[in-house]
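Please keep the structure open as you read.

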Amino acid sequence: MYKLFACAFGCLKSILPLCFVPICLTACVGEKQNIVLDTFLKGIENPNSAINQAVLNPSYRYLKVDANGLVALLVLGYQDRTSNGVTDVWYSSFKEVVQTTGGRLTGTQGLDINWTEVLLQDPPSLTDGKLFRGSDPSKPSSPIRFNRVRTVMPSYRANIPETVELQVLSNAPDDAPSLLTNIEEFPHLGWVQETVVMQTNVTTPYLSPLRAIYAVDTKTSQVVYGKQCLTAEYCISWFAWPINKATAPPKTKKSPEAPPNS
Amino acid sequence: MRLFGIARTFLISDHAVDACLKILSHLAPNLVKTSLAFSFLCSSLAHAQATDPSLQAQQTISNTQPPVEGQRLSDWLLKNQKTTTSTVDEKPSYALGTIWNSAAELHSQSAQKQALLQSLSELPAPSDEPSFDKSRAALAAFIERMPVTGRVTLPSANARYLEIQPKLNPILKANDQVKVPLAPTSITVIRSDGLLCKVRYQANVEARQYFRACRPQSVTTDWAWIIEPDGTVKKVSTAAWNEAKQDVPAPGSWIWAPPRGSGWSDKKTEQFSEQFSQFLATQALSGDMDSLDNDISQRRPGTLSAEDQYYVSRNLPISPNIWGETGLLQTPSARTAPAGTGSIGLGLWQPYGTVNVAFSPLDSFEFYLRYTNINNVPYGSQSLSGGQTYKDKSTGLKLRLLKEDTYIPEIGVGVRDILGTGLFSGEYFVASKRYSDFDFNLGMGWGQLGTRNNVTNPFTSVFGSSFSTRAAPVVGSGGTPNQQYFHGTAALFGGIQYHTPWDPLVLKVEVDGNNYQQLPFTNTIPVKSIFNFGATYQTKNVDFTVASLGNYQAMFMISLHERLDLLNTPKLAEAKPIPADLKTVGNYTPANPGLQIFMDPQSSSQKSASVNTNNKSNTLNTDKAKKSAATTTVITTAPTAAPTAAPTPTAANYEQTLRDFEEQTHWKVTDLRATKQVWTVDLSDASGVFVRSRINLGVAALHRDAPSQIETFHLKFYNWGMLVSEFSVNRKQWMLSQTQLLSPSQRHPAITIAPTPSDDEHPFFGKGFSKLNSSAYDSTSTTMDSNNVSNTGLGKVNSPHTSGSAQNTNLAQANKKLDKIIGAYVPTATEILEQEKIDQNSRLVDVVPRKPYDTNLGISYTQIVGSPSAPFLFGLGVKADGTYKFRENTWVTGTVNVRAVDNFGKYTYQPPPTGLQPVRTDIRQYMTQSIATMPNLQLTNTGKISDNQFISAYAGYLELMFAGAGGEYLWRPTSSKVALGLDINRVRQRQFNVWTSMQNYSVTTGHATAYWDTGIEDILVKFSYGKYLAGDIGGTLDLSRVFQNGVKVGAYATRTNVNYTQFGEGSFDKGVYISVPFDAFFARHSDSVANLLFTPLIRDGGAMLMRKYRLYDMTRTRDDRALSVGPGD
């Protein structure tokens, strides 16, 4: 995934090389200009559009993943039973792997930054109806804590033990995707936030609250969206894709980001 | 728990512990006192005992299931999932420390161990370090006890990831051993005195904290080697002067950190440290029950403040000053940007604006090109340049003389405006020394950098009073080394850079050496202070700086920078790579025939093997998958376990093989021939930079379809009819390397460069086209589609471009041939005997006919920057290229250019005459007189007269300004670092309208050229000597650095018998250039290279004929580094 879209946007972020394009034009005709054009088109291509327009195989389950701005559509390959529970293993066509367990991120491989060997100790289920039952929008719910151990690669920050605090949110957080924030369109969404309980005031890229948020369809008990920061500067978000049509009321207007077949 | 209780008696005697504590109490009494609070034991290795290492090798992983012959590591991991996972209540298993011991590595690692011991024994003992020999003995004993394990570093131990990454997924042998250990809770530091110190692991803590816990605080180190639990070795900095972003040691790491100032930190011992670390990487994890340190109790690191404990080392930030040099604000530092860095920056301060372009061809060298605009000075008379303000061109360089070390600052020397007018010239020596977030600079400057005159020019006392004065710059006669370097007044300058805790922000303060009272054109800036201060905000590719100049005015800078040596664009616009299957090749048969690797979702044979998913279907929408591959949508499927049979080699799918080869490589296939064990593919006009990558892509198509008895692929690279290179692919080795992670001793080069014989088929005067090609081009049998002006590649025998009966005839013949030769071909005994007789000669199995012509239409763009007439001149138009091949090695090519939009009307400047024939200075007339031009139309013939000798002859309108005839000879052995060339040309100057008419001037020009790949810092040297277009005689020296990705940065200078005065402004011809291969920059493969040439002035002296075809470029694939350039496999 990263490799794929690193290229798609790599050409844009590398500003200096773009300066070569006019120089190249002086010597490029025909096929060479096609190469320039193809690369340019790849550079400006919007992956969201491609994903939104994709005709999906209904027999498969997909996950739309945004890894720090690089977007790709992944497909479910396995459901493995691990110590964390049943773990979904998702694949990109560029052979990156994202693993989720109960809606939480429990592993990645092949990205710029990866979480490996994530162990969750008795985490509360994100889809547990008790989490949302009776929650008063005007009052914050009491936080629930659980422990987690994770390894961050390739920096070899291994077996990091931490306490994670889960909090049900009364409203969609500020960084929730606009696609899900319309209450009329998604009346059954509940929002959950998880943060690492900091043991020290020191802040480094590797010591930060590493916030996660989840959107849970309380009607279907499905986690439809998640976002987890792997470091202070690198976050991954994911949608269960396509967005479940059943969550939207019949007369809602179509979301601009929704796929045509959703 | 030790399941197999061969007690490795690694016992520590009381005596050893006592001795250890004695030493520590002597070295650090406080440490020992405080350590009593912890459970600390240390081991004297010299007294430790161990059992036979060979037994340890067995026991290391004997608590796990042995692998099955031919089993993938991923399969083993999945089958042993129960033992490799655990709940958080138990001690977790540790995938990061997964061990694969390959029996194949035992022999080489045994030699590695002996070499390590030998290196240790040969280390010189410092005379002032009597304990060195004792430490050496202890380390030798430790090494002796280390078993030879055969351990191979694994890039990943995630089974689900390995499944889809066959190149990372080893295939195990029955006598291999795999183990996923339990997670250690410690890290072990190996002290130079031979003691082991096991420290409790803490997450996020850098290496320095561990060895500090094992040594007195007074003992410091500069470097440490971390051997991570997965076998990766990292050298990390550990001192304030060399601090750098680094990985931390994971549980189970070993750390080797020789103390500063000891014999173990000497430069000479660095090689030993590397060897030692590499061998440690073959060992079990530290803290593991099978490790050599398993009997040592661990200790907890001393109590650290949170800031110390979680301290994150950072790199020294570097950024350019307003002149483009790495430095502070106005002053330079001794720092240089990493090799391969290119930047372009803009600096604004009244009355100046500077555009700086900088490159670092070496880590220790920067050079700069600069345009300086002076707002309050006109360029020239109103009639010459209108209202344009003055523009000054200049170049500069900086060389690092000394690299920073513990006590030594980095020292550099630099020159500004080295060959320009000298308006802003200056020279400097500068030293930089870092301490953590601070970087201190102190230097001495001359010229503009020394006008503050606060110190006596030291050169006056050394070389005499002539150094006390400096001549004023002379506008209009730049380009000459001014011989005023380090002359005149001098001044000290310096400053401090502070890297703030907010990572992107750097603060700078400096004392300037320039007093701004002696600026060019009598400008002055009434600065109020000798200090400049400012702040730089850095992002990955852009630096912004705002600063105060002498407390008088503001300065602004912006700099864009990029590592040109790291340019590599994934080939998103290419077809998806063809996966390689592991299958029978020659006598080799995979141990596990059912072994499969992940197949591409486009494969029709793919079956979903999703486990416990909701998937009901075994198929994918392959059309969609293809579409998604072409776009950026990512759709894939689960790894498959379904075996795929090799396709039956029929004529139809064999044709597809060549199509796929062309689609993957963008090389044109002319024919494919076979012997019993070899396929030979002839490629026409094949060149390029990323040769290995493209070969790999193409061989995947050949490997997919070739019969199993084919063991070698020969790829013959013809370029313009000459057999330039031949690459031999060992199919089995290639297949193994593509389908699994091989252990180091099994990694052999699969692609090699073969020597090319002289080419009998394409001699200089012979008939060039290969057999079927010529028939395909026969007008009686083939009709070309005139509407199809673009060469579309494969036009097979059943191509729609062939007509009626001819098509049928060709098709029948070809299919017959194909069916016979590559179909289910079962030869009779007689045929076999006959075939064996003629097997020396390959059989022709397929030929790809091609059109003899190629045309291209595109946009043309021309620009001139910095002309006195206007700062920026451009022309935009349409350009048409065409080539017609009479034979493979004889062709005519031409270009017509039509300018559509331009501002060349402003191009009025005509340089003054020089006394030389205006062979280049009439460029204005050539560019402006005619809207439609024919820059090139020539007939060329090439050939090869022996194994290593190439020749060419050409005639026509050879370039924009000259027409004529000439020839070239090149001697270039395959993979040689040296080549020699010779060209001679008789040319006449063309009329300014750039069509067919000529001027009277004619000349014989030519050069003998030597090419030398020095092997030093990837530097190429090219030297030409001969007669130039204006009739002057002299030589051109060209130095360039070629990076791994093929990007080349170089500079040249020409000196001829034309003196500086006659040459005019600039004094001699010189320039710098960058070549960027399309392969590195664009999303598709291409043979092309984009060249950016900067020549400060166009003059007539030292002007070479610009020939379109040069044999050295045409034989690029013979280069010694042809297979090493590129992104790697």
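A residue counts as buried when its relative accessible area is under 20%. By that cut-off, Cys197(B) and Cys214(B) are both buried. Please bear in mind that this is a predicted model. Across all its chains, the structure holds 2 disulfides, and a search of the whole structure turns up 15 cavities of 30 Å³ or more.

**The disulfide in chain A**
- Cys229(A) is joined to Cys235(A) by a disulfide, with an S to S distance of 2.0 Å.
- This disulfide of Cys229(A) and Cys235(A) is right-handed, because the torsion about its S-S bond is about 85°.
- Cys229(A) is buried at 13% relative accessibility, and Cys235(A) is buried at 17%.

**The disulfide in chain B**
- The sulfur atoms of Cys197(B) and Cys214(B) lie 2.1 Å apart and form a disulfide.
- Strand β6 of chain B (residues 195-200) holds Cys197(B), while Cys214(B) sits in the loop between α9 (207-212) and β7 (223-227) of chain B, so the pair ties together parts 17 residues apart in sequence.
- The link of Cys197(B) and Cys214(B) is left-handed, with -80° about the S-S bond.

**The second largest cavity**
- The volume of the second largest cavity is about 90 Å³.
- Its lining has 15 residues, and the closest to the centre are Pro320(B), Asn321(B), Gly324(B), Gly345(B) and Asn356(B).
- Elements giving two or more residues to this lining are β10 (341-349), β11 (352-362) and β21 (553-563) of chain B.
- β10(B) contributes the most to the lining, with 5 residues.
- The lining of the second largest cavity comprises 8 nonpolar residues, 7 polar and no charged.

Key:
Residues are numbered from 1 along each chain as its sequence is written. Chains are lettered from A and ligands numbered from 1 in the order in which they are written. This is a predicted model: local features need pLDDT of at least 70, side-chain atom pairs count only at pLDDT 80 or more; totals for chains, interfaces and linings use all residues. Side-chain values use heavy atoms; hydrogens and water are left out. A disulfide is a pair of cysteine sulfur atoms within 2.5 Å. Buried means under 20% relative accessible area, exposed over 50%, partly exposed in between (1.4 Å probe, protein chains only). Helices (H or I, at least four residues) and strands (E, at least two) are DSSP runs, numbered from the N terminus. On a 1 Å grid over the protein atoms alone, a cavity is a set of points where a 1.4 Å probe fits but cannot get out, and a pocket is an open set with protein on both sides within 12 Å along at least five of seven lines; lining residues have an atom within 4 Å of a point. Grid points are joined across faces, edges and corners, and a volume is the space filled by probe spheres set on the points. Ala, Val, Leu, Ile, Met, Phe, Trp, Tyr, Cys and Pro count as nonpolar, Asp, Glu, Lys and Arg as charged, and the others, Gly among them, as polar.
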